Amino acid sequence: MRLTKLDGLRGLFSLMVVFYHYPQNQIPESLAQFFLFRQSYVFVDFFFCLSGFVISYNYHTLHKWSEFTVYMVKRFIRLYPSLFLAVSVYFFGYLFVGLPTDDKAPLINFLETALMTNSTPLLGTNPGFNEASWSISSEMVSYLVIGLTFLIFPKRRTVPVLLTILLAYFILFRSGQFFHTFEYGFLRGLVSFNLGFVVWKLSKYDFKANNYLEFLIPILLIVLLYFVHNFTRVNEMETPSGALFNMLVIPLFFASSILLLLKTDGPVSHFLDTKPVQYLGKISYSIYINQGFMFHLAIIAFSKIYKVETTADMLVQLFFVVSMILLVSHFTNKYVEVKLGRYLKQKALGKPRLAKSKTTV
């Protein structure tokens with residue numbers, strides 16, 4: 001089963017999340033409020049759903065505690081080194097060059113991120129350093145829950161997975177804030193992550209879809225983001241009906257899109273398999289996790305060599321900042337994600353008992 005086009009889509013969406021988080025006072029108002037950028041926070045649900053599919057595809061054979069241990073160690077090593085580097089850089093940037101944070105709780109913000117609790121209420125409701133890092137916390141919770149589901153229910157997993165989705169939906173509905181990420185983010189992650197398992201189950205059925213149906217994905221995505229921008233949120237806050245719409249439609253849209261791409265090989269798939277898009281997919285996690293500190297450091301560096309006064313200056317700065325994020329992400333992907341990750345896995349999983357696990361990355 002080909003997954004490269006899904007990696008490419010993840011790369012494009014990670015770049016869209018960068019535009020969403022980019023400081024709004026540093027870009028022209030028309031661009032800052034452009035609906036494709038302002039609503040790009042929804043792509044995090046695509047990341048969850050894709051992760052749920054990939055984990056289900058690779059680890060559905062888990063049935064021993066030793067295999068579960070290997071699985072969790074691998075997942076931790078996949079995420080944590082880059083996360084710890086990003087939060088450490090941000091923390092020292094806060095101390096020495098004045099990167100912005102909640103002055104009342106900088107240490108708590110550091111701990112929330114470093115301990116991966118900032119999608120839960122365990123240490124409070126702090127966003128942590130790097131606003132996007134809450135989703136890494138949620139991802140780890142989802143890894144744990146789906147892994148235990150595979151382990152405890154070796155044969156009939158669909159029912160507990162669906163019950164997890166329904167329970168998460170119920171709590172989110174009661175809270176009234178599907179996108180309230182600092183308290184209920186782990187539940188938001190569980191919804192889309194477990195939908196990824198459903199996509200994996202459905203993908204096992206032998207059927208093909210018309211290749212030109214792929215065009216529905218970008219068309220419906222634009223319509224969806226426009227609707228979210230204009231009808232479900234007021235001053236960046238969800239309305240009650242908007243919350244219900246987002247809870248139900250957005251995760252299901254991304255789940256359906258992944259399933260469709262798995263069953264087609266049309267023009268959209270071919271575009272997602274091009275080298276530039278594949279490159280973005282390769283470094284997508286680094287792009288996502290580096291953006292928090294890189295925004296501010298790159299803007300500070302740019303302001304020392306170029307005075308920003310006009311709209312054109314802002315666009316030049318935007319190009320510079322995004323380029324720096326991509327450049328730094330290239331190196332963190334190569335040396336932290338790949339080389340350091342490989343070294344840590346060799347050290348952690350070098351014992352013969354663990355090396356015999358049949359699970360794959």
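## A buried glycine, a pocket and a cavity

At 5% relative accessibility, Gly-281 counts as buried, because the cut-off for that label is under 20%. Keep in mind as you look around that this is a predicted model.

Gly-281 belongs to helix 13. Leaving aside neighbours within four places in sequence, Gly-281 is in contact with Asp-7, Arg-10 and Gly-11. Ser-14 is another residue to look at here: 267 residues separate it from Gly-281 along the chain, yet their C-alpha atoms are 8.3 Å apart.

Now to the empty space. Rolling a probe the size of a water molecule over the atoms shows where such space is left. The largest pocket holds about 940 Å³. Its lining takes in 36 residues, and Asp-7, Arg-10, Arg-75, Arg-78 and Tyr-285 are the closest to the pocket centre. Two or more lining residues come from each of helix 1 (4-21), helix 4 (43-59), helix 5 (65-97), helix 7 (134-152), helix 13 (275-282), helix 14 (284-305) and helix 15 (311-348). Which helix gives the most to this lining? That is helix 4, with nine residues.

Helix 2 (29-32) and helix 3 (35-38) each supply at least two of the lining residues.

Here are the two linings by residue class.

Finally, have a look at the packing of the nonpolar side chains. The largest nonpolar core has 98 residues, and Phe-43, Tyr-71 and Phe-254 are the ones that touch the most other members. Helix 5 gives the most to this core, with 11 residues. What does Phe-254 contact, leaving aside its neighbours within four places in sequence? Its partners are Phe-13, Val-42, Phe-43, Asp-45, Phe-46, Cys-49 and Leu-221.

Terms used:
Residues numbered from 1 in each chain as written. Predicted model: local features only at pLDDT ≥ 70, side-chain atom pairs only at ≥ 80, totals over all residues. Heavy atoms only, no water. Helix = DSSP H or I, 4+ residues; strand = E, 2+ residues; numbered from the N terminus. 1 Å grid on protein atoms, 1.4 Å probe; cavity = no way out; pocket = protein on both sides within 12 Å on 5 of 7 lines; lining within 4 Å. Points joined across faces, edges and corners; volume = space filled by probe spheres on them. Core = buried A, V, L, I, M, F, W, Y, C linked by side-chain atoms within 4.5 Å. Buried < 20%, exposed > 50% of the residue type's maximum accessible area, 1.4 Å probe, protein only. Contact = heavy atoms within 4.5 Å.
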